[in-house]
Amino acid sequence: MQRYDKRRVVVKYGGHAMGDADLGKAFAADITLLRQSGVHPVVVHGGGPQIGNMLKRLNIVSEFRGGLRVTDKATVEIVEMVLAGSINKEIVQLINAEGGRAVGLCGKDGNLVTATKLTRTEMDPDSNIEKILDLGFVGEPAHVNPVMLDLMLKEDLIPVVAPVAPGTDGETYNINADTFAGAIAGALHASRLLFLTDVPGVLDKEGKLIKNLTVAHARELIADGTISGGMIPKVETCIEALDRGVEGVVILDGKVKHAVLLELFTDRGAGTLISK
């Protein structure tokens with residue numbers, strides 16, 4: 001347990017991992033225990049399913065292009081309400097109920113994160129010409145100012161951060177939670193960035209968990225098709241976080257109770273560790 005004493009660990013808590021009340025309580029207990037054990041945890045959360053449910057209730061049609069939600073003005077208001085409001089405060093309340101001292105934030109607070117509009121391109125099937133894909137108010141981190149997080153961690157507080165941030169143009173942007181967590185972890189020079197997902201980690205072609213991966217090996221597995229589908233952007237985000245200065249990034253199953261503790265405090269770990 002001494003390995004992470006006074007070290008910073010960023011945990012990305014995914015929307016699908018948040019769907020079970022018992023798992024949520026166990027997660028909150030784990031985060032509280034990390035702080036009590038001398039670790040400095042920071043939680044970054046998503047909320048895709050919850051956003052989708054709220055949009056349905058309000059009869060707002062939302063579409064995905066290139067794996068990202070197209071976010072118009074009406075949608076980004078709902079995204080901010082759900083992420084920085086209901087979900088964020090629910091996680092804060094869960095952690096505090098377990099004896100932690102959590103504080104909810106988003107990228108707007110203390111100029112924590114400044115965003116720029118995300119640009120993507122796609123191939124037009126009719127003309128076979130690449131064109132710019134307008135995703136609306138979807139952004140990516142341009143700058144992270146960790147001063148507020150530094151102050152909170154020194155006071156033994158547990159920051160819980162929603163991936164919504166202001167742009168340099170004054171607009172509000174929805175940021176992919178994985179990307180947001182990677183930027184936060186890099187700015188904090190975190191020892192570990194943990195991605196809680198709905199899969200055990202990176203699997204080989206036989207479906208068995210790969211415990212350790214170097215960046216070079218991960219790229220080889222992407223090239224030969226072993227890493228495919230939605231795992232590709234997840235692994236690429238891990239590599240970006242390592243480039244930002246994070247010591248190691250772990251993909252693990254958030255549906256397993258106490259997965260965070262198993263990963264950090266046992267020799268066998270609980271997922272796939274990617275390092276340089």
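Biologist: Is Phe-137 buried or exposed?

Modeller: This is a predicted model, where local features need pLDDT of at least 70, side-chain atom pairs count only at pLDDT 80 or more, and totals for chains, interfaces and linings use all residues. Residues are numbered from 1 along each chain as its sequence is written, and side-chain values use heavy atoms, leaving out hydrogens and water. Buried means under 20% relative accessible area, exposed over 50% and partly exposed in between, with a 1.4 Å probe and protein chains only. Phe-137 has a relative accessible area of 19%, so call it buried.

Biologist: Which kind of aromatic pair do Phe-137 and Tyr-173 form?

Modeller: Rings of Phe, Tyr and Trp (its six-membered ring) pair if their centres lie within 6.5 Å; planes under 30 degrees apart are stacked, over 60 edge-to-face, the rest tilted. For Phe-137 and Tyr-173 we get 5.9 Å centre to centre and 55° between the planes, which makes the pair tilted.

Biologist: How many residues apart in sequence are the parts that this pair ties together?

Modeller: Strands (E, at least two residues) and helices (H or I, at least four) are DSSP runs, numbered from the N terminus. Phe-137 sits in the loop between β8 (130-133) and β9 (138-144), and Tyr-173 in strand β12 (residues 172-175), so the parts tied together are 36 residues apart.

Biologist: What is the relative accessible area of Tyr-173?

Modeller: Tyr-173 counts as buried too. Its value is 3%.
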